[in-house]
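The sequence and structure come first.

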Amino acid sequence: MAEYSVLIGGKAGDGISQAGQVIGSVFSSLGYHVYQYVDYPSLIRGGHNFCIIRAAETPVTAFRSGADVIIAFDQQTADLHKGRLSDDGIVIFDADRVRAHGQGISLGQIISTRQGEPIMGNTAMISALFRYLGVPWEKVEPVLQRKIPKKIEKNIEIARAAWDVLTPGKTLKLPGGDSKPFLSGNEWIGIGLLAGGLDAYIAYPMTPSSGILHFLASIAEETGIQVYHPESEIAVILMALGFSYAGKKAAVGTSGGGFCLMTEGVSLAGQAEIPIVIVVSQRTGPSTGLPTYTAQSDLLFIRHAGQGEFPRWIAAPATPYEALFLAAEAVRIAWKFQIPAFIVTDKSFSEGLFTGPSLLPDLPPHRVSAPAFPYHRYEDMPDGISPLLSPPHPGEIVKVNSYTHDFKGITTEDPHLTTTMADKRKRKAMALLEYIDQSESVLIEGDKKAPVCVIAWGSVRGQVTEVTKMHSFRAVFPRILEPFPIKTMTAALEGVTRVIVVEESATGQIDTILRQHGIVPNECIRRYDGRPSTVEELENRIRRVL
């Protein structure tokens, strides 16, 4: 088969997400491209958790409606998802807790006779899955050895017992090729930040961005970066600005509610011209909303956050490679233009898992212009970008200021200097727009001459890309959202007579931005229940408007 989908479900605390990651890792080791979607409520224990792991011979970043195998740890999984099962699919279930048609395994008996622990049932089910798919044991065991964190020998014993119980049903095609890194979107972003030269990461844990904090903290010692978890998001951004002032490339991560607390710090960065990278992973709002579900409803807030007027850069990755490249570019942009640079993502991308590239993007080094002495922190340059110097420097004072200031950073309320500094920021914004309004800022897929065009951004792109392959229309995806690359976007839409916008927002966030720039969509397909669309669901909705 060219691709395969597995759904695994149970209760919070059953280790469903981790089991899904191991399944995805086995598929990856066989040469497949893999995407994993994770669905869970905001509960420590209980509730219904499930993952969908999709393995394909070509890169995928979305999941389909159907499942070839359902692995059920509880009755709710078997009942709730039975409609997803393909015609020749099967349910593999814990016979001690579930009644279903398929192949049942008594996890309790396998574990108790070998004096194991209940959580080891995950290893048994993973083993049973690949036994059913006809994958040789010698290809499964090394992945289990590598991915199981504790009590490996006992887990392998239980896995082998489950392997011997289950009856093989299919022979999975082995595409060959090398094993690919299989990481969460948050981890891909974290690696990209490191590739950009990150020195410090500061964050207060907030779903769905917390994975970046956990990942970078786990590798802080080997990478030499500093990772901190302060008492609040206000402390987070102020500490990061302190790092940046001292010459350390700093980034922070949060979601909508935490970013609300950071907005005054964002405005401080704009006035004081302190570089900073801010990752905002969206979830369903307003307020607490759905803490563990997805949305694209914070873009306009991020675009306008902070009092006053100052330039910022916003990018939205949709693939592992873009997460690497754009996160690294965010560091470069922040320090080149001395502005806040944002990576805007969402729960689907942050907590989804993807196979991706083994090599980091090749980025040219960023060189800071040499300052003149005596040093003026806010020297009025033609492009609005003052030479950057970090303290300490012999004989020089490096003064930053949140108040309106002169070229040296000294507080002023002079109307002429106030206007001069505002014009300086405007020239910087124009230089930033010129820098980003290039072909790389907008991706075009599908029939590039088609008169019908679908526009989407961020994680939604995965579904749109696949629907594009089924139908003859053009797909246009802006990667940079602020400043909006209107010249490149206009060129991408040349010859288009009908525009359809797809996004996970109730009011239309990218729709609003397009209209502000004279691009008026004909139809908008919106979803805002916290769940991403499957490829089939989106195709049906696009069919209706076409």
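Which helices and strands each supply at least two residues of the lining of the largest pocket? They are strand 1 (3-12), helix 1 (16-29), strand 3 (46-56), helix 7 (185-195), helix 8 (210-218) and helix 14 (347-351). Helices (H or I, at least four residues) and strands (E, at least two) are DSSP runs, numbered from the N terminus.

The model is predicted: local features need pLDDT of at least 70, side-chain atom pairs count only at pLDDT 80 or more, and totals for chains, interfaces and linings use all residues. Residues are numbered from 1 along each chain as its sequence is written, and side-chain values use heavy atoms, with hydrogens and water left out.

The largest pocket holds about 600 Å³ of space. Of its 32 lining residues, Ser17, Tyr40, Gly211, His214 and Glu351 are the closest to the centre. A pocket is an open set of points on a 1 Å grid where a 1.4 Å probe fits, with protein on both sides within 12 Å along at least five of seven lines; lining residues have an atom within 4 Å of a point.

| Class in the lining | Residues |
|---|---|
| nonpolar | twelve residues |
| polar | 15 residues |
| charged | five residues |

Gly counts as polar here, and Tyr as nonpolar.

Pro291 sits in the loop between strand 11 (276-282) and helix 12 (299-304). Pro291 counts as buried because its relative accessibility is 18%, the cut-off being under 20% (1.4 Å probe, protein chains only). Leaving out residues up to four places away in sequence, Pro291 touches Ser42, Thr207 and Arg283, where contact means heavy atoms within 4.5 Å.

Helix 16 (residues 461-470) is largely enclosed by the rest of the structure, because eight of its ten residues are buried. Among them are Arg461, Glu466 and Thr468.

Conventions. Points joined across faces, edges and corners; volume = space filled by probe spheres on them. Buried < 20%, exposed > 50% of the residue type's maximum accessible area, 1.4 Å probe, protein only.
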